[in-house]
Amino acid sequence: MPRPSQLLHPQREPAPVRPAATVLLLRDSPQGIEVLMTRRSMTASFAPGAYVFPGGGIDAADALAHGQSTRRTTQDDLHLTQAIAAIRESFEELGVLLARHADGSYATTADIAALDRKAPFAAQCKARGLTLAGDEVFVLAHWITDRDLPRRFDVPFLAARMPDGQSPVADEAEQFEPVWVRPADALARHAAGGFFMIFPTIRTLEKLQHYPDVDSVLAACASEIPLWTSCPRAGLLAGKEARYMEHEAPYGELALTCPDGQIVHPLDWQTAQPVALLKNVMRLTAPNPGMMTGPGTNSYLVGDAQSGYIVIDPGPNDAAHLQRLYDATGGRIEAIVCTHSHPDHSPGAKPLQALCAHRPPILGLPSATTARPDSFFAPDRLLSNQELLALASSGLQHTLMVILTPGHAANHLCLVLLEDGLLFSGDHILNGSTTVVNPPDGAMTPYLDSLDTLAAACDAHGVEFILPAHGYVLGEAKTAIAQLKMHRLKREAKVIDAMQAQPEGSMDDWVKLAYDEVDPRIWPLAKRSLQAHVDRVRELGLVH
């Protein structure tokens, strides 16, 4: 957890969340699945003028109406209350009633006409002999309104089949213009500027458009667990607000820089000036974008003007980039650390050192004999596992702990900023792709073992964020590491299957099977990590 004193912006408490429920009423059509949407009032306090799914706040009476509703045996009390709230809201806003008579038939238009949308809902249904169809309302997703907004809701997005024989009629107060629309068409109309929707609606439709029919949607919801849960975050991209879900690349960086949800952090990749991540951490990206480097190599500056700085990964020998690193530190560079010796990480070390009058030491591990010729590296001093590199100023300490992590390269290391729970992962963990493990200098078993080492460090030192050498900051550090290891082991299983399917096959044969979901143009690069998997599989005797 970063120290509050090192956060970039004064923090404010996000608005409290209110419980609510929304329902996607679905039907099948010859062109595919359709969803019922309606336009909110232009004077609404939340999302005025937006096309939405019917829904609203959960009332105390919803929880008291369980006895008037059917329920699935797997449907807990909370989900039933949410379902009843959604049924009530769809009736009040659109005159759609998910309720049945004792003979199993749906509520009719005559039933709906006999009910008052503004009177107590459950009592009217009971008097009419109607049982709420709570068992027909399923949990699709769980959204929590973004932290920056003044009105916030904790809301399940539920899904139900539209009752036969009913037609929506808007209340003309909160909702207007009900429309049946295919998800893809709604998204296209929004993109064209004629069908305004808010972020959760857009993302829900993006996922919904891949289902062929209503049955497939409801089957996907059968587990009672939301298919996704999200509280989005926003940053600035080209000066405009851009929102992201948890699985998207910028989310972790926004959580680090603006934990309270303020929309102030720029997400544009640029190389002209450093980007502040905390008061004591800056990132300057080298101008070397490419397939292997993504936006470019991230050089990190840890420290402050009083303590001086430790530079992590000075990057390639690019004079302009190195001058910018020097200028950003005011020349107060106390040490230069290279996470490994690859040519996009270490060649800038000596030229940067030469810019400094006091010649700060270059620290790291020397390249092994297995390294490629362009990856030669000889530090001024070798770092040891668990060694501490400390800076101090005005009662503050910034301490980097060294963790040796062979795998991507034989001389790879990572660093943990102990006071703020940050892991500088070099190329061992990236954001947006998996790192190449290229034998003989790279090896898969040490790589996987090093992931375990880093996971243990997360527990021991409260690490929540990973600062990779390529890409944005990653949040949920322990989860990210676990997912990365799972991905590698799933790939290994495909490698084993490929080797067993074609025991006399070549690397060219196996890459087609083990990386069948990868663009074939990437296969020449994938064969490097494939070789590392093959070596490991054979070492372990999993395939002979």
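Student: Which strand gives the largest share of the lining of the largest cavity?

Tutor: Strand β14 (residues 281-285) does, with three residues; a strand here is a DSSP run of E with at least two residues, numbered from the N terminus. This is a predicted model, in which local features need pLDDT of at least 70, side-chain atom pairs count only at pLDDT 80 or more, and totals for chains, interfaces and linings use all residues. Residues are numbered from 1 along each chain as its sequence is written, and side-chain values use heavy atoms, leaving out hydrogens and water.

Student: What makes D268 a lining residue of the largest cavity?

Tutor: A cavity is a set of points, on a 1 Å grid over the protein atoms alone, where a 1.4 Å probe fits but cannot get out, and lining residues have an atom within 4 Å of a point. The volume, the space filled by probe spheres set on the points, is about 50 Å³.

Student: Why are β13 and β19 said to stand at the edges?

Tutor: The open sheet has the order β13-β14-β15-β16-β17-β18-β19. β13 (275-278) and β19 (381-382) each have a single partner strand, so one side of each lacks a neighbour in the sheet.

Student: How do you know that β16 and β17 pair?

Tutor: Pairing asks for at least two bridges found by DSSP. Four bridges join β16 (residues 308-312) to β17 (residues 333-337), and these strands run parallel, with I312 opposite V337. β16 and β17 therefore count as a pair.

Notes. 1 Å grid on protein atoms, 1.4 Å probe; cavity = no way out; pocket = protein on both sides within 12 Å on 5 of 7 lines; lining within 4 Å.
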